[in-house]
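Colleague: Got the model open. Can you walk me through it?
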Amino acid sequence: MSKTYKCAVLGVGGRGSGWVSKLHKHKECEIVAVNDISENRLKSLKEKYKVNTYTDYTELLEKESLDFCVIASPHYMHAPMTVVAAENDVNVFSEKPMAINLQQCDEMIIACRKNDVKLAIGFQHHYSPTLAYLKDAIAGAEGELGSLGRITDIIMTGRHYRSEMYYLMSSQVDPKTGVSSGQWRGRWQTEGAGILINQAVHNIDAFQYVCGDIRSVQAYAKTISWEHKFIEVEDTVVACCELENGGFGNMIMTSSNKKADKNSITVHGTNGYMRAAGGFCANFIEMDTRYKNEEDYEVPFYTDPKWNQLDNFLIAISEDKEPFVHGEEGRKSIELIRAILKSAQIGGKVQLPLVDNVAFPTLNNVNRRAPPEF
Ligand SMILES: NC(=O)c1ccc[n+]([C@@H]2O[C@H](COP(=O)([O-])OP(=O)(O)OC[C@H]3O[C@@H](n4cnc5c(N)ncnc54)[C@H](O)[C@@H]3O)[C@@H](O)[C@H]2O)c1
């Protein structure tokens, strides 16, 4: 007989309310409670799903008997919510990005290990067979007939337009204090960065997954679009990496183009090249010159990876396994983001592994003001 997992969602805005609906429909899950600082959001979900509602996530985690929680709050809240969940023996599925800096990532990993609960990070595109196919092709690049040969470069673009309204709509008021923290998006303290940590974090996760280890990074970051004139964080980034496999990696990420070429990862080797495109670079292989002529390329597969991450997480809980995107894997994209920001701010090369020695990013805009101290 299959188990029923009792669960709750913390933060029920755009993404979190989507999770409530998904969990409600899932045959092995029973959503029992939701948390948000917005009373209005709680009221409508209580009426629709008959769930218990809490404005205080600590109270929810202490009172409810849960198998897991989904965290879909603003980025800076992922770590404190994870720690309290772990201390109450609740397995954690945290939305991407894992957190806003490496200190927070480490707090999450340590709390979950110490309390023996699972920690999964919401990178749904990581489950795409397209990326696994690309990773295998890069890993086995040299030696075989039809191989790519020695990898020279891997180029990734992540373009996700965001309007002024997108940033203005993310306001929140804490009902306990009545204090508005303003827009959580577009601010170092609450979002952690801009395009890098919110939208392109999926591309960065895909990039680090297929490329393998990265030795060093050199980057530029700016806020370019006039639509983004009031945000603190970057909207356009170019980063160049030296890869452990010997080649180079190049990334362009921006939220400034109303119309743009699609997202892609292109891998060039001495014998041929491959290109994955669509969505967050994870939907289909557009070209694979290893076994075919260039003109013959076709889409080999497409699956919707969205559900696989939840099923993988439930299996991890029931069979006591690590989730596919566990804490250490989720941490890698934050390490790369922090290295990119540091490089842009100091104007030089940054080696990995990174010593991320600042508790929170400062409030300086990387383009218009003095660089934050690392
Ligand atoms: N995996 C994906 O593709 C994907 C897509 C969209 C969003 N997300 C992630 O989901 C998270 C939420 O994003 P969103 O777009 O839904 O934002 P949102 O602003 O629509 O929702 C955030 C919610 O959290 C609530 N909140 C704020 N502080 C809180 C607190 N202290 N306690 C409880 N609730 C609090 C807000 O009131 C709001 O309802 C982010 O981490 C985002 O990156 C992931």
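Modeller: Start with D116. D116 is exposed, with a relative accessible area of 66%. Keep in mind that this is a predicted model.

Colleague: Where does D116 lie?
Modeller: In the loop between α5 and β6 (119-122).

Colleague: What is phi of D116 near?
Modeller: Near 55°. That is a positive value, and D116 is not a glycine. Most residues other than glycine have a negative phi.

Colleague: And D320, what about its phi?
Modeller: D320 is not a glycine, yet its phi is positive, about 50°. D320 sits in the loop between α10 (308-318) and α11.

Colleague: Is D320 buried or exposed?
Modeller: Exposed, because its relative accessible area is 57% and the cut-off for exposed is over 50%.

Colleague: Peptide bonds next. Which bond at P97 is cis?
Modeller: The one joining K96 and P97, with omega about -15°. P97 is in the loop between β5 (91-95) and α5. The bond from L352 to P353 is cis too, with omega near 0°. P353 lies in the segment after β16 (350-351). Most peptide bonds are trans.

Colleague: Step back a bit. How many helices and strands are there in the protein?
Modeller: 11 helices and 16 strands.

Colleague: What percentage of the residues count as buried?
Modeller: 55% of the 374 residues of the protein.

Colleague: And the contacts, how far apart in sequence?
Modeller: Take contacts between residues at least 6 apart in sequence. Of those, 66% join residues at least 24 apart.

Colleague: On to the core. How many residues has the largest nonpolar core?
Modeller: It has 84 residues. L61, V217, M251, M253 and I340 have the most contacts inside it. Helix α9 (residues 201-211) gives the largest share of this core, 7 residues.

Colleague: Where does this core lie relative to domain 1 and domain 2?
Modeller: Between them, because both give residues to it. Domain 1 is 5-125 + 308-326, and domain 2 is 128-300 + 333-351. As a general point, nonpolar side chains in soluble globular proteins tend to be buried together.

Colleague: Back to L61. What does L61 touch?
Modeller: Leave out residues up to four places away in sequence. Then L61 touches L10, L66, C69, M81, V84, A85, N88 and V90. Another core, of 22 residues, lies apart from the largest one. C29, F68, F93 and L314 are among its members.

Colleague: You mentioned α9. How does α9 pack with helix α6?
Modeller: Helix α6 is residues 129-139. The axes of α6 and α9 come within 8 Å and cross at roughly 35°. L131, A132, L134, K135 and I138 of α6 meet A206, Y209 and V210 of α9. By class, that contact has 7 nonpolar, no polar and 1 charged residues.

Colleague: And α9 with helix α11, at what angle?
Modeller: About 105°, with the axes 9 Å apart. α9 and α11 are therefore roughly perpendicular to each other. Helix α11 is residues 327-346.

Colleague: Which residues make the contact of α9 and α11?
Modeller: On α9, V201, I204, D205, F207, Q208 and Y209. On α11, E329, K332, S333, L336 and I337. By class that gives 6 nonpolar, 2 polar and 3 charged residues.

Colleague: What about α4 and α5?
Modeller: Helix α4 (residues 78-87) and helix α5 (residues 102-114) pack at about 10°, with their axes 9 Å apart. So α4 is roughly parallel to α5, because angles under 35 degrees count that way.

Colleague: Which residues meet there, α4 to α5?
Modeller: From α4, H78, A79, P80, T82, V83 and A86. From α5, Q104, E107, M108, A111 and C112.

Colleague: Last one, T266. Is T266 buried or exposed?
Modeller: T266 counts as buried, at 11% relative accessibility. T266 lies in strand β13 (residues 264-269).

Colleague: And what does T266 touch?
Modeller: D153, I154, I155, Y273, M274 and R275. That leaves out residues up to four places away in sequence.

Conventions
Residues are numbered from 1 along each chain as its sequence is written. This is a predicted model: local features need pLDDT of at least 70, side-chain atom pairs count only at pLDDT 80 or more; totals for chains, interfaces and linings use all residues. Side-chain values use heavy atoms; hydrogens and water are left out. Axes are lines fitted to C-alpha atoms, for helices over the stretch in contact, and angles run from 0 to 180 degrees between N-to-C directions. Helices (H or I, at least four residues) and strands (E, at least two) are DSSP runs, numbered from the N terminus. Angles under 35 degrees count as roughly parallel, over 145 as roughly antiparallel, 65 to 115 as roughly perpendicular and the rest as oblique. Contact means heavy atoms within 4.5 Å. A nonpolar core is a set of buried Ala, Val, Leu, Ile, Met, Phe, Trp, Tyr and Cys residues joined through side-chain atoms within 4.5 Å. Buried means under 20% relative accessible area, exposed over 50%, partly exposed in between (1.4 Å probe, protein chains only). Domain bounds come from an automatic or database domain assignment. Ala, Val, Leu, Ile, Met, Phe, Trp, Tyr, Cys and Pro count as nonpolar, Asp, Glu, Lys and Arg as charged, and the others, Gly among them, as polar.
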